[in-house]
Amino acid sequence: MRVDGVSVQCGFELMEKLECRLGVHNLSVYYDDFKALENINLLIPCKRITAFIGPSGCGKSTLLRCFNRMNDLVPGSYVEGSIFFDGTDIFSDNYDVTELRRKVGMVFQKPNPFPKTVYENVAYGPKIAGIKKKAVLDEIVERSLKRAALWDEVKDKLHSSALRLSGGQQQRLCIARALAVEPEIILLDEPCSALDPIATQRIEDLLVELAEKYTIIIVTHNMQQAARISHFTAFMMIEEHGDPGRIIEFGETSYIFTNPDNEKTERYITGRFG
Amino acid sequence: MHRRSGRLFGENRLGAPDPHLFLYDLREMGISRSVRLSRIVKTPDNFVKCALFICSSLTVFFVFLVIVFILSSSVPALKELGFKNVFFSTKWSPNVSAPLKGNYGILAFLNGTILTTIGALILGAPLGVGTAVFIDEYAPVWLKGLVFRGVEIIAGIPSVVIGWFGLTLLVPMIAEITNTSGYGMFAASLVLALMVVPTITTLSFEALQAVPEDIHDASVALGATRWQTVSRVLLPASLRGIAAAVILGMCRAIGETMAVQMVIGNARQLTFNPLTRTSTLTTRIVTDMGESHGVFRSALFAQGLVLLIFSAVLIIIVRAALKGRALSQ
Amino acid sequence: MNPKRADRIATVVFWSLSMTTLAALLVIIVRILSKGLLKALNPFFVFGKPEALKAGGGVLPMVVSTLYITVLTVVIAFPIALATAIYLAEYTRRESRLTRVIRLCIDTLASLPSIVFGLFGMSLFVIFLGWGYSLVAGAATLAVLSLPVIARSAEESIRSVPDTYREASYSLGASKWTTIRQVVLPSAFPGVITGTILAIGRIIGESAAVIYTAGLFVRKIPLNPLRTGAPLSAYIWYAQAEARIPDFRSVVDGGAALLLIIVLLVNFVARKLASYYREKKIAG
């Protein structure tokens, strides 16, 4: 197989050392008759940040939402192919979606704390998982908030409404809420698109920190963001309106951004379209 | 072992995505090789869903019950007296001791219902639609909420209270001015006009609000006066909604009972004079039900059946006008 | 006509139409309260026993009947209405033929004249089931009447809960029912309660549906729900229609004022609650 010299050296060797517990295989996603994604193949490296970039409408979010089967909520959606998580296809018939979603946390585009107190927001996940003891919950809340770098800011107002926090704080609260159920993977769907630059900076720092413990997949519009924080990048695109989204290129971020294989990737990166 | 490209998956310079490459990986990871089509299974909350479904089907069951019981109770009258003698006769002279000997023609009351409803709409529809347009377009900000709240308050006033108001204030006033008893369809229409205003106003207002702001702005930007904007843009654009509002107001007027009963005079005669005592379907039911039995009672239920059909037909028209958009009141 | 002039005329017309509406409201309230407020605030009237033939009777059993029947109605109607609303808002994102039928039935039920409910309740509960004129027959009738009203407003409140809350909950591994119970319903709660209280206002004011199901006149406070009751609104109608008591005018004046005050109070509470919750939601 003819391969590009540079990518063999670096891209491959890096991947070889990494453990991958999440793999997408020949995945296509449909909304009724509309094919949103076609033939996606991907491995997600553990404890690294993987970014999905691409023009809007290319199916980045759809792909992201496959990992915790949030697309189930869209009526008329179905998938072909598989996503393997620790060796099991998450689309198999008896797969426990609830369990999956506990292991694969998600943070959304707009901060969406529940209209409850800060404490209740973080404790929500553990509570529905059956943890009732207050002491345990207290500990989880504190730990999660600390990990989300929010503890110092909210420790005095744990019992006031989460909606009173600033946008950036709300988003970090959402991250804390996702962390509280002890996930292994965190999905982030353009988590900074509704935030100002300073709040964005804090979230980015946090993500880099979190990547030491968690596998992170982030969808972003912002190429600088992908370049700054992610270890791996998948570039997605649709050919024409109405076509399904495909992965054009996937590899180590530094290579995707400096020396992409694909012409389309290069054009996108350099801002010539999309 | 086969060495692979740094662009591990997806399309690379070599062309199409290479699934074999990928499968190779999966096997390495101890993942079974399977290509399968799976339909997403819905989270099984089936028990809850079932219970909720049963509860919501109760509504259908209730409608069914209402139809069955009103229909079955009016069958004796239609059977014993004949369809024609009930619906096309103006003679209503019940015989309490021997019900079968009386006459039970409801045409006079049907006439009363129709005329009072028309009267109510002639007075109430301009008032209701006008108030809605006023709130939407003309009212200064501080007045909008006040007028809207006021309309909501009218909607909440119990009909016996409005009836008592009509009986003690409007009827004597009409009597004074026209030198009649004061009771009759005119008084009923006045009272009803007031009662249909909230329905018409809130629903028309909703329809006006649904008109996109930019259409309105476009008209204003072209130099149209407020009235031109209202008459040429807003009203035509919300016509269906306003029509639905008026029809629902009509529904309310046809079905209103107690307030009308208190001011219409309750005579059993056919009249076209708005200042003469007469009855409507609803008021006749209330007035006579207490002492009725047998065919007499059944004839009252037949009037209920007419009301049921009226409102069912009207609601179907409204739904057609709104094309399945949810109604809200 | 000159457009400017037409515009001025239209402005005057719209102003006068809406002011007529407001004036009518004002006249009714002033009239009813000026005639009956004193009586309605008189404890001997509110807490007095009614008289059948003499003057000087009160309306306590009627007020109690109204309260009793309202509570019973809500107890019957609220769970069914809430379940219907949850089903329609959460489980039928796609309109099927079945849900369209349910919706049509709700709309139909909501627009039926109350007298038709009265007839229905009379033939089903009073006669067919043999409950007689009783509080429970009246409450059952009113429950069928208020069911669509409560269900609609509850559905609207549930639908207005942002989808992002649901997504967040699902993403944490909550099941659908858990999400509804823990996130959707608490957020929709203020709207649901407001809608229910507004429906209560309507139940209290309702008379045509209860006079031939619950009853018109009682002398003693009804304790047994299987006994005849006399909701205040029904009694007001009865007192003026029969005019047996010599002071019926003053009794009806007082009763009407009392009923108006209760209903306005109920509606006021509903609105206040709604705005209180709206503020609380933001301010915490």
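User: Why does C:I29 count as partly exposed?

Analyst: In this predicted model, C:I29 has 19 C-beta neighbours inside 10 Å. Buried would need 20 or more, and exposed would need 12 or fewer, so a count of 19 falls in between and C:I29 is partly exposed.

User: Where is C:I29 placed, and what lies across from it in space?

Analyst: C:I29 belongs to helix α1 (residues 3–40) of chain C. C:A257 is 228 residues away in sequence, yet the two C-alpha atoms are 8.6 Å apart.

User: How do you know that domain 1 of chain C touches domain 2 of chain C?

Analyst: The assignment gives domain 1 as 3–40 and domain 2 as 45–283. Their C-alpha centres lie 29 Å apart. Contact is judged residue by residue, with C-beta atoms within 7 Å. By that test, seven residues of domain 1 of chain C meet nine residues of domain 2 of chain C. The domain 1 side of chain C divides into four nonpolar, one polar and two charged residues.

User: What makes α8(C) mostly covered, and where does helix α8 of chain C have its kink?

Analyst: Of the 30 residues of α8(C), 21 are buried; each of those has 20 or more other C-beta atoms within 10 Å. In helix α8 (residues 176–205) of chain C, the kink is at C:F189, shortly before the proline C:P190, and amounts to about 50°.

User: Which residues of the largest nonpolar core touch the most other members?

Analyst: The core holds 280 residues, and B:A187, B:V191 and B:V263 touch the most other members. Helix α3 (residues 60–90) of chain C gives the most to this core, with 18 residues.

User: How do you know what B:A187 is in contact with beyond its sequence neighbours?

Analyst: With neighbours within four places left aside, the contacts of B:A187 are B:G166, B:L170, B:V171, B:I174, B:G182, B:V263 and B:I264. Each of these therefore has its C-beta atom within 7 Å of that of B:A187.

User: How many residues do chains B and C bring to their contact, and how do the residues on the side of chain B divide by class?

Analyst: Chain B brings 70 residues and chain C brings 69. Helix α2 (residues 46–81) of chain B supplies the largest share of the chain B side, 17 residues. That side has 47 nonpolar, 19 polar and four charged residues.

User: What does the contact take from chains A and C?

Analyst: The contact takes 25 residues from chain A and 20 from chain C. Elements giving two or more residues on the chain A side are α3 (97–103), β6 (104–107) and α4 (118–128) of chain A. α3(A) gives the most there, with four residues. By class, the chain A side has 12 nonpolar, seven polar and six charged residues.

User: What is the mean pLDDT of chain B, and where is the pLDDT below 50?

Analyst: The mean pLDDT of chain B is 83, with 84% of its residues at 70 or more. Over residues 1–43 of chain B the pLDDT is below 50, although this stretch has 94 contacts in the model beyond near neighbours in sequence.

How values were computed: Residues numbered from 1 in each chain as written. Chains lettered and ligands numbered in written order. Predicted model: local features only at pLDDT ≥ 70, side-chain atom pairs only at ≥ 80, totals over all residues. Core = buried A, V, L, I, M, F, W, Y, C linked by C-beta atoms within 7 Å. Contact = placed C-beta atoms within 7 Å. Bend = angle between axes of the 7 residues up to and from the residue. Nonpolar A, V, L, I, M, F, W, Y, C, P; charged D, E, K, R; others polar. Domains from an automatic or database assignment. pLDDT = per-residue confidence, 0-100.
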